[in-house]
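Have it open while you read.

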Amino acid sequence: MALQCTPRSLASHITPYRVEGLTMLIRTRLLLLLIFIPMGLVLLFSFFFLQHGNHERREALEERITASAILLAPSLQQAIIDGQETRLQELVRRLLNIEEIRAASLFDSEGETILRLGQPLPTPRQGANHQWQLRLPLGSGELGDELPARLELAVDTSSLALSHYHNLTKAGLAWLITGLALFLAAYLIIRRVTRPLDDIRQLVRQLNSGNYGHRLDTHSSSELAGLSHGINSLADRLEHINDDMQRHIEQTTHDLQESMDTIEIKNIELDMAHRRALEANRIKSEFLANMSHEIRTPLNGIIGFCQLLARSPLEARQREWLNHVSKASDSLLSLINDILDFSKLEAGKMQLENLPLDMVALVDEVLCLQAPQAHQKSLYLMGLVYDDVPDALWGDPMRIKQVLTNLVHNAIKFTHQGEVIVRVMVEDADSCQMTLRVTVSDTGIGLSPSDTSRLFKAFSQASASDSRHYGGTGLGLMICRQLVEQMGGEIGVESRLRHGSTFAFTLPLAGKAEGIRPPDMALEGLCIALYEPHATTRHALEHLLSSCGAEIRIIDHELAAPPNDTDLLIAGLQYEDLGLARLAYVQQYLNTLPCPCILQVNTSPLELPDLHLPHGGEILTRPMSRQTFVRTLTRLLEPTDSEALAAPPKRVSSPGVPRVLIVDDMPSNRLLLEQLLNDLGLESHSCMSGEEALALAQGENFDLVLMDIRLPGMDGIATTQALRQVNAHWQHCPIIAVTAHAMADEHRQLHQQGFLNVLIKPVDHVELANLLGKHLNLPLAALPAPSGGEDNTPTVAAQDELAVVDMRLGTRLAAGREALAKDTLSLLLASLDDSEEALRRAWEARDEEAFLDAIHALNGACRYCGVPQLALLAETLETRIRTRGLIDVAPLLDELHDAMARLRQWQQHNAPFYK
């Protein structure tokens with residue numbers, strides 16, 4: 001298109017306007033020369049001619065009248081002297097006979113009228129003066145006599161005006177005739193001169209419109225014949241250029257059309273490739289999810305059997321091997337989680353939630369989970385959340401926890417001595433958003449600048465030897481970076497080799513600045529002694545207690561006696577204080593205390609030292625959460641000064657023992673959960689359906705609910721939503737989802753449906769105790785450990801390596817209670833026929849939902865029984881039907897029925913045992 005417009009543009013924007021301008025200039029000049037200048041000269045000549053003629057006529061009239069008066073003057077003088085009035089009248093009438101004279105008057109020297117004849121002239125109109133007044137003195141005569149008298153004549157000059165108008169009319173007619181003649185001559189001349197120019201302009205317009213067939217006439221005798229020859233040559237060249245250009249455009253258009261066809265084909269191929277890539281990505285994600293579950297199922301069995309094997313008598317070498325197997329299993333599980341997160345981030349499928357969160361509780365939870373690793377390496381693990389960080393923020397707590405957990409885990413992994421400290425502070429704030437800065441600093445091996453540049457890349461670590469020496473895949477920090485960037489923040493690191501590292505990231509969270517966080521409790525008037533060898537922990541405790549109004553007295557010397565007026569002693573024990581000899585010394589010191597004491601120990605809850613506190617108190621593990629510390633202080637100081645505590649810690653809604661509601665359709669599940677809750681000192685009540693739980697909630701309140709997801713009739717999600725509508729208490733009551741099968745996406749959906757946490761079957765008693773302690777604000781209590789002695793329970797092996805019934809496994813799943821394991825196995829055997837019948841009916845009807853309900857119920861029942869063969873098949877079937885539907889279920893279904901048959905055979909041979 002651009003090439004086609006070039007010659008037309010040349011003709012359109014240059015030639016036509018120049019030719020037209022030239023034509024207009026010539027026409028103007030010819031009009032000026034042929035009409036306006038001659039007409040102007042004629043007009044000027046006529047004006048001077050008329051003015052001159054008028055002046056001559058006026059002078060001639062004046063001379064004629066003056067001469068007549070002069071001729072009569074002597075006679076008038078003599079007649080006046082002689083007193084001949086008749087003679088005077090006769091002489092004056094002679095003057096009146098002149099056509100222009102209308103009246104004549106004679107006056108004496110005194111101005112008296114001697115004679116007046118004729119008619120006086122009318123008063124002239126404004127703008128028209130056609131009258132003369134001639135005064136002639138009659139002072140002397142021929143005789144020389146003096147006779148002072150004068151003659152006044154009234155002259156009418158209308159004839160002069162008429163003569164002037166007559167001449168003016170003649171001049172106008174002559175001027176008009178001359179103008180017409182000049183206009184005709186100019187028209188003919190201009191037409192002759194500008195006609196070739198008009199032809200040139202017309203030709204240029206034709207060329208501009210793309211018509212190259214017209215040419216100028218060059219045979220005339222016009223002076224512009226040379227210009228016509230040049231323009232014709234230009235037209236021939238433009239026509240030639242246009243023809244060449246059209247051929248070039250047609251060729252280019254043809255090539256472009258072929259290119260467009262090729263591009264269209266490529267676009268279709270790219271679109272198909274993109275669709276295939278999306279489908280491959282979807283298949284990959286589905287494959288990763290399926291393989292994750294397929295791998296997790298045997299891996300959970302490996303980890304479970306490793307934990308069970310660790311509680312049996314083993315040789316030192318065997319225990320070492322078992323530790324290596326456990327570490328490898330944990331590493332494999334972590335690798336699976338990282339690969340799944342990595343695939344979601346790469347596919348853009350990672351979705352962030354917007355939920356309320358408290359950074360204090362979040363940091364405490366992360367540190368509590370990482371505490372066992374820190375204890376193994378004798379590290380100090382601590383979290384500092386500054387007072388200006390609001391407690392009401394909105395974000396994705398699970399992803400923030402994932403980032404923080406990864407950074408803290410790395411800090412512990414690469415730190416051999418010293419401390420790991422997490423700090424949370426406000427970096428920026430406005431009316432609706434807070435930007436937090438979270439740092440994780442350690443005293444570990446540090447990084448060189450070259451190592452730092454490789455940190456946040458996939459499958460990359462600081463050095464090649466790190467993966468061999470410390471383990472890991474190199475995905476963690478890359479996942480952290482992408483998660484932080486997706487949340488709108490930035491992440492970086494500052495490090496020096498052998499001087500530790502500080503990882504920092506920013507978090508833009510919805511919320512508003514609320515000033516300094518209010519104190520967690522009121523301790524005015526209380527004196528608290530503080531002994532803490534770790535400087536950072538000491539400063540944090542001193543600040544926390546001082547902000548609550550307590551008087552702090554620091555004990556600098558090792559376990560020195562506090563003042564007598566001390567209300568409470570807070571002391572921290574280091575790792576070297578946990579030896580037997582050192583603990584004996586600590587016990588002697590505690591016996592001398594005059595007040596309650598809170599001991600903080602760097603160890604796990606199961607390894608707390610057996611120390612007696614004579615005046616009461618509590619032994620806490622570090623890192624301890626702020627909520628646990630505040631609750632412990634309140635419980636210890638409330639009896640001594642209840643009025644000083646203006647803000648007691650949160651308590652459960654019902655007085656006395658907390659009450660927990662269990663909603664599960666499987667009797668074995670309800671039985672196990674009831675036993676676990678009773679061992680924790682809690683009151684439990686169970687329901688077998690959502691409708692029953694909803695009816696019970698109309699008249700009773702509970703402090704926590706353990707809700708199964710797949711229930712007959714009203715499922716767990718619908719039941720939870722209905723419970724939230726009962727009253728104000730149920731709107732805030734903690735509800736924990738209990739399910740045998742929950743993927744990461746299902747966890748997120750359950751959180752969105754109103755569940756605070758998800759508990760996976762089989763329920764781990766330690767995890768259950770942690771959840772109860774978190775949501776009911778109770779101190780963690782460990783369940784009784786299972787017996788490590790020999791089990792005389794008979795075990796029948798199946799065709800595979802898994803046993804049909806493994807009572808040791810059942811006892812471990814029942815939290816070490818053999819009687820409870822037998823009860824849950826009896827309930828499973830009693831429901832086996834109903835489960836098999838439900839599966840057969842659903843399979844024959846090809847009802848996927850009914851089949852999933854039946855297999856889920858069987859899987860949940862097997863979770864608490866020592867039936868590894870049947871449990872593995874039920875778990876695999878549920879995973880497959882969730883991911884693939886009813887496809888390829890038949891082979892596993894036959895194996896499931898065979899496993900049920902073998903379990904019935906075991907029941908027949910061991911009837912006295914399980915009864």
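1. By the ring-pair rule (Phe, Tyr and Trp rings, the six-membered one for Trp, with centres within 6.5 Å), the count comes to 4 aromatic pairs. Take Tyr 380 and Tyr 575: the ring centres are 6.2 Å apart and the planes sit at 70 degrees, so this pair is edge-to-face. For the labels, planes under 30 degrees apart are stacked, over 60 edge-to-face, and the rest tilted. The pair links distant parts of the chain, 195 residues apart: Tyr 380 is in strand 6 (380–385), while Tyr 575 is in the loop between strand 14 (568–573) and helix 13 (580–591). Helices (H or I, at least four residues) and strands (E, at least two) are DSSP runs numbered from the N terminus.

2. A word on the ground rules: this is a predicted model, local features need pLDDT of at least 70, side-chain atom pairs count only at pLDDT 80 or more, and totals for chains, interfaces and linings use all residues. Residues are numbered from 1 along each chain as its sequence is written, and side-chain values use heavy atoms, with hydrogens and water left out.

3. Are those two tyrosines buried or exposed? Tyr 380 counts as buried at 13% relative accessibility, and Tyr 575 does too, at 15%. Buried means under 20% relative accessible area, exposed over 50%, and partly exposed in between (1.4 Å probe, protein chains only).

4. Phe 702 and Trp 730 have ring centres 6.4 Å apart and planes at 50 degrees, so that pair is tilted. Phe 702 is in the loop between helix 16 (690–697) and strand 19 (704–708), and Trp 730 is in helix 18 (728–732), 28 residues apart. Phe 702 and Trp 730 are buried. Arg 659 lies over the face of Phe 702, 4.3 Å from the ring centre; the criterion is NZ of Lys or CZ of Arg within 6 Å of the ring centre and within 35 degrees of the ring normal.

5. Back to helix 13: its buried residues are Leu 583, Val 586, Gln 587, Tyr 589 and Leu 590. They cover an arc of only 160 degrees around the axis (from directions to the C-beta atoms), which puts them on the same side of helix 13. On the other side, Ala 581 and Gln 588 are exposed. Strand 14 and strand 15 (597–601) are among what covers the buried residues of helix 13, with contact meaning heavy atoms within 4.5 Å.
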